[in-house]
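Please read the following note with the model open beside it.

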Amino acid sequence: MPELAVVIPTFDEIQNVQPVADAVFSALEGIDFELIFVDDDSPDGTARQVLELSRTNPRVRLVHRINRRGLSSAVVEGMMASNAPYLAVMDGDMQHDETLLPDMLRRLRAGDVDLVAGTRHREGGSRGEFPWARRALSQLGRRLSALVCHADVSDPMSGFFALRRDYLDEVVRHLSCVGFKILVDLLASSKRPVRIQEVGYTFRKRLHGQSKLDLVVGLEYLELLLHKLAGDWIPVRYALFGMIGAVGVVAQLVLMGCLLYFGRLTFDTAQVTSSLLVIGLNYAGDNRITFRRRRLRGWHWLSGLALFALACSLGLYLNLRVASGLSGMGVRWILASLAGILIASVWNYSVGAILVWRINRRP
Ligand code: GDD
Ligand code: MN
């Protein structure tokens, strides 16, 4: 059984597989390790490239995932696929410094540490040629991570770290496994302060290919933070649904203003027109963000919109019945109104999730 497993998530990294493997092999000479690539069925054929490599070298393994995407969940599956007592995680594009792996392993072997993280923000570390927009985003992400991380860590956004298998076993059932930020997930899922050490590294330029970090990855980070902050009490998807609904309320007020003053429409016509437009807006937002893993396209987009609009109209009726019923019983208007909105949003969310985006069905 290898002592160390190096887990590398890959999506469209066919040109980087060989250089990454060569670099890891030369860095870990004399150490009993295995190299596990976790590929999400990359269209460029990365999995086949890894398979070929594993045929000539038994230390190389492939975990090939079908119909599943996501850096964090890929890393967790790769780690769980190994029996090694020590695990390391790094990207598959040569941006992380594999020569630090022996040092990370040595520190873990010492025994009084759960996790060793590579950092760009401490001595010996640097962000290399990191565009300013990414710097600003990373900075914001770092600040937000302090809300949930049970450790004093200088670079929680880093995707380069090593940990003890025991620590993984301790937290694995509490992991959210969404998006990119697996280190934040690991540090936020512990029920005790995490014993952490850090080693500085320079974030290199990507060797081949494109970064997969996009707006959805940013939203998934928000989802991860929501999950850690409130996931035990409210479903994160409902929270996202609620956020999009809140944007819808603001949009409705702006639209009402425009239709009344510039459109010269009557109040009722303006109210109905803006409501229908906002239902469409919310639907598009929920399809793109809240239910992105079940995103509807083409004809399904249209039939989904019709069903969602019907559900929301019934939700509106429920809202009015509950709000007017409560205010009739003397409940203060603001509480009655909020109760109506809450009931309608739970209704809209449940019907949307079950009938429109069919979350209970296999994709
Ligand atoms: N299996 C799988 N599935 N792998 C993925 C996926 C996915 O959906 N998305 C990305 N990867 C792999 C890439 O192929 C690459 O090997 C690694 O995850 C990192 O992805 P990049 O697209 O290169 O991310 P980045 O360089 O912009 O950001 C990375 O570095 C940052 C700084 O350390 C990520 O590790 C960030 O999490 C990290 O903050
Ligand atoms: Mn990268």
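1. An oxygen atom of ligand 1 lies 2.3 Å from a polar backbone atom of Met157. A polar contact here is a pair of N or O atoms within 3.5 Å; within protein, one must be able to donate a hydrogen and the other to accept it, and residues adjacent in sequence count only if both atoms are side-chain atoms. The ligand on its own exposes 740 Å², of which the protein buries 99%; such areas come from the Shrake-Rupley method with a 1.4 Å probe, and for residues only the protein chains shown count as cover.

2. The structure is a predicted model, in which local features need pLDDT of at least 70 and side-chain atom pairs count only at pLDDT 80 or more, while totals for chains, interfaces and linings use all residues. Residues are numbered from 1 along each chain as its sequence is written, chains are lettered from A and ligands numbered from 1 in the order in which they are written, and side-chain values use heavy atoms, with hydrogens and water left out.

3. Two further backbone contacts reach ligand 1. Gly70 places a polar backbone atom 2.9 Å from an oxygen atom of ligand 1, and a backbone N or O atom of Val38 is 3.1 Å from a nitrogen atom of ligand 1.

4. Which residues are the closest to ligand 1? They are Glu13, Met157, Lys181, Ser211 and Lys212, out of 28 that surround ligand 1 (a residue is near if one of its heavy atoms lies within 4 Å). By type, the shell holds ten nonpolar, eight polar and ten charged residues; Ala, Val, Leu, Ile, Met, Phe, Trp, Tyr, Cys and Pro count as nonpolar, Asp, Glu, Lys and Arg as charged, and the others, Gly among them, as polar.

5. Helices α9 (residues 236-261) and α10 (residues 267-290) pack at about 150°, with axes 8 Å apart. Because angles over 145 degrees count as roughly antiparallel, under 35 as roughly parallel, 65 to 115 as roughly perpendicular and the rest as oblique, α9 is roughly antiparallel to α10. Their contact comprises 14 nonpolar, ten polar and two charged residues.

6. Helix α10 also packs against helix α11 (residues 298-328), at an angle of about 125° and with axes 10 Å apart. This angle makes α10 oblique to α11.

Notes
Axes are lines fitted to C-alpha atoms, for helices over the stretch in contact, and angles run from 0 to 180 degrees between N-to-C directions. Helices (H or I, at least four residues) and strands (E, at least two) are DSSP runs, numbered from the N terminus.
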